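Please look at the sequence and the model first.

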2 protein chains.
Amino acid sequence: MKKDTEVNMMHGAGGEVMGELLVTLTAFKHNNAGGIGLESLDDGSTFEIGGKTIVLTTDSHVVKPIFFPGGDIGRVAVSGTINDLSVMGARPVALTCAMVIEEGFPIADLEKIVASMDEALGEAGAAIITGDTKVVEKGSLDGIVINTAGVGVVDEDSYLIRDKALAPGDKIIVSGTLGDHGLAIVAHREGFDLGDQLKSDVAPLYTMIAGAVRAAPKGAVHAMKDPTRGGFAACINEMARKAGVKVVVDQESVPIRESVASAGGLLGIDPLQVANEGKCVMGIAAEAADAVLAALRSHPLGKNAAVIGEVVEGSGVVMRTRIGGERFIEPPMGDPVPRVC
Amino acid sequence: MKKDTEVNMMHGAGGEVMGELLVTLTAFKHNNAGGIGLESLDDGSTFEIGGKTIVLTTDSHVVKPIFFPGGDIGRVAVSGTINDLSVMGARPVALTCAMVIEEGFPIADLEKIVASMDEALGEAGAAIITGDTKVVEKGSLDGIVINTAGVGVVDEDSYLIRDKALAPGDKIIVSGTLGDHGLAIVAHREGFDLGDQLKSDVAPLYTMIAGAVRAAPKGAVHAMKDPTRGGFAACINEMARKAGVKVVVDQESVPIRESVASAGGLLGIDPLQVANEGKCVMGIAAEAADAVLAALRSHPLGKNAAVIGEVVEGSGVVMRTRIGGERFIEPPMGDPVPRVC
Ligand SMILES: Nc1ncnc2c1ncn2[C@@H]1O[C@H](COP(=O)(O)OP(=O)(O)OP(=O)(O)O)[C@@H](O)[C@H]1O
Ligand SMILES: Nc1ncnc2c1ncn2[C@@H]1O[C@H](COP(=O)(O)OP(=O)(O)OP(=O)(O)O)[C@@H](O)[C@H]1O
Ligand SMILES: [Mg+2]
Ligand SMILES: [Mg+2]
Ligand SMILES: [Mg+2]
Ligand SMILES: [Mg+2]
Ligand SMILES: [Mg+2]
Ligand SMILES: [Mg+2]
């Protein structure tokens, strides 16, 4: 395959193609501060201060439109960073907020975005303590870019959780329905009116995840990740590949909303390949799965949590279909919905 | 004055007008993590972990063009964050790197930018440990936006330094010539060929600042800030206003390169109002000024450091001119050079 010389949309789509660009973008010699570094390509990285493990993460947001059913760019920007910290077992402490704004952007929209970010911070018990603002000439940017970075700490009663440590025998749990965010965005863009049927799941998951982690013995959550760009398909393939294991998913158990499934069918988009912004995927020691599932379900954001499969020896991710067949859940080239977060 | 309803270029120019927009953008209730919070509008904010003071900061970068005499967007992105940590007395530990890239951007340019960032990291002893990449459609962004956030720790032999604690009697020191970055950018854009005469000062200042801080007794550096957007004029006015003091600057002592002064004259731009990306402004207890100055001058990045004035009771910033007069150094409405960092 010819090496690309220019960046294309798939390079930002969270799938296999993005991995190629990341080789270039992560070619830092100074890539590690004494903990988990850039080379791990995990949801965040770590370093130690005063005997504590600190987790650091960042995401920029370019979602279009900026207000959509179920949320807005501000809620995504805070939730995304909270969730990358939370899936690593950390408690979000402090976030940054950096905005690049196009000349002419309505200040009333900024007020709405700030209020929405503030609400999400409150739900997670975190704060934005520093920021930055740049303005560029009209036409130089399509609206606004919001970046948040976040610092979290791994508390005594929690532990550092990676995305790479699935082990044969583990149960795979998802914390709720899949595909909501991506399909809500694309349906909204296409002008479908589905009322309250199809809306983004965007939410900060810290309290839900913290409860689930503490519901089982320390270490029982072997691996965790948030299925954002590229959806569940990209996420579970990455987890399986990093661990050198095979994952078998039971189609019957995968929670997908009726509205999401039908919109996906209509639009030719697989709900498993589009971004979620309020879900996590966990690999749990089998004996702890019931306790973790119960804890998730006791939280408003986790009431549709389900055990959807298990880890076995081998490689790849397969789905046992309703009619008893098996097919691969392929690692997608990228998320079929651009500008989704 | 009528309240603006739309964002304009001055809102991002680091001066008085930007302050108005910041009222909206910093209206978070969740704005503090138990240390210095958003309300302080300092170079960074703080929180405590394991008995250590942690400093957090962020900046997005939209400088145009992305390669310019003396540096590039990558070097600015790393140096800016290193410097905001350093002026607070912290040692930079870990940075994030989030890129938003326009479809069609040359991958060879990304390679150059990453190499440049890596070099700047090496100069400061820091690392980029996590990042993010988004791609937007051609025409939705003018090239690339790079955000870095940084985490630093205040070491035992250093101390937290604010931008607000100038005290009457303090000496004002600048670490080198003023106006280099802003005038290099604008002259380059205007197509002036000044060879090596006019180039950006962009550099990570950690080692220089760390040496200067340790050259005097603990606490002798009363206040410090990096004079970025809005230049020295915005910086010193903010420092004076926050402390409720007056600053008297001696024009004769202010280091400005010949080439910067003449380009400024030609373009009608005051070198004191444009961004520096490799300088700091310090307020030092008088008895410690010599030691700090000597330490700065012993570092390659500080060889033009100078005592340029002092702090007295009162308010505002005045300049004693060469001919014995006095004029105000006004807080600029904004930086006269757009897209400077
Ligand atoms: N420009 C970049 N520089 C350095 N590291 C990067 C960059 N872009 C991505 N990475 C790293 O690549 C990995 C994958 O990034 P990605 O953004 O897909 O993760 P994520 O934040 O968990 O997902 P999403 O952005 O969809 O929420 C992470 O480890 C991240 O730190
Ligand atoms: N969008 C924002 N949200 C929250 N706080 C912000 C935002 N923009 C700026 N701030 C805060 O306002 C203050 C001034 O920001 P500014 O970016 O001018 O500082 P700086 O980084 O020191 O300067 P420069 O960006 O020119 O390098 C800082 O305390 C910053 O945390
Ligand atoms: Mg993630
Ligand atoms: Mg993320
Ligand atoms: Mg800034
Ligand atoms: Mg600063
Ligand atoms: Mg700065
Ligand atoms: Mg990301």
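The structure is a predicted model.

**Metal sites**

| Ion | Donors | Distances |
|---|---|---|
| magnesium ion (ligand 5) | A:Asp132 (OD), B:Asp59 (OD) | 1.9 to 2.1 Å |
| magnesium ion (ligand 6) | B:Asp43 (OD), B:Asp84 (OD), B:Asp226 (OD) | 2.1 to 2.2 Å |

The magnesium ion (ligand 5) is held by A:Asp132 and B:Asp59. A:Asp132 belongs to strand S6 (residues 127-136) of chain A and B:Asp59 to strand S2 (residues 52-61) of chain B, so this pair joins two chains. Both A:Asp132 and B:Asp59 are buried. B:Asp59 also forms a bridge between the magnesium ion (ligand 5) and the magnesium ion (ligand 7), with 3.7 Å separating the two ions.

The donors of the magnesium ion (ligand 6) are spaced along the chain as D-x40-D-x141-D. Among them, B:Asp43 sits in the loop between helix H1 (16-25) and strand S1 (45-49) of chain B, while B:Asp84 is in helix H2 (residues 73-86) of chain B; the pair is 41 residues apart and links distant parts of the chain. B:Asp43 has a relative accessible area of 8%, and the cut-off for buried is under 20%, so B:Asp43 counts as buried. The value for B:Asp84 is 7%, and this residue is therefore buried as well. B:Asp84 bridges the magnesium ion (ligand 6) and the magnesium ion (ligand 7), which are 3.7 Å apart.

**Domains of chain A**

Chain A is split into domain 1 (9-153) and domain 2 (171-328). Their C-alpha centres are 22 Å apart. Where the two domains of chain A meet, 31 residues of domain 1 are in contact with 26 residues of domain 2. About 2200 Å² is buried between them, and carbon and sulfur atoms give 57% of this area. A:Pro69, A:Asn83 and A:Val87 provide 25% of the area that domain 1 buries against domain 2, more than any other three residues.

Between these domains there are 10 residue pairs in polar contact and 1 salt bridge. On the side of domain 1 that touches domain 2, the elements of chain A giving two or more residues are strand S3 (67-68), helix H2 (73-86), strand S5 (91-102) and helix H3 (107-124). H2(A) gives the most to that side, with 8 residues.

A salt bridge is formed by the side chains of A:Asp43 and A:Lys225, at 3.2 Å from N to O.

How values were computed
Residues numbered from 1 in each chain as written. Chains lettered and ligands numbered in written order. Predicted model: local features only at pLDDT ≥ 70, side-chain atom pairs only at ≥ 80, totals over all residues. Heavy atoms only, no water. Donors = N, O, S within 2.8 Å, 3.2 Å for Na, K, Ca; no water. Helix = DSSP H or I, 4+ residues; strand = E, 2+ residues; numbered from the N terminus. Buried < 20%, exposed > 50% of the residue type's maximum accessible area, 1.4 Å probe, protein only. Domains from an automatic or database assignment. Contact = heavy atoms within 4.5 Å. Buried area = accessible area lost by both parts, 1.4 Å probe. Salt bridge = Lys/Arg side-chain N within 4 Å of Asp/Glu carboxyl O. Polar contact = N/O pair within 3.5 Å; in protein donor to acceptor, adjacent residues only side chain to side chain.
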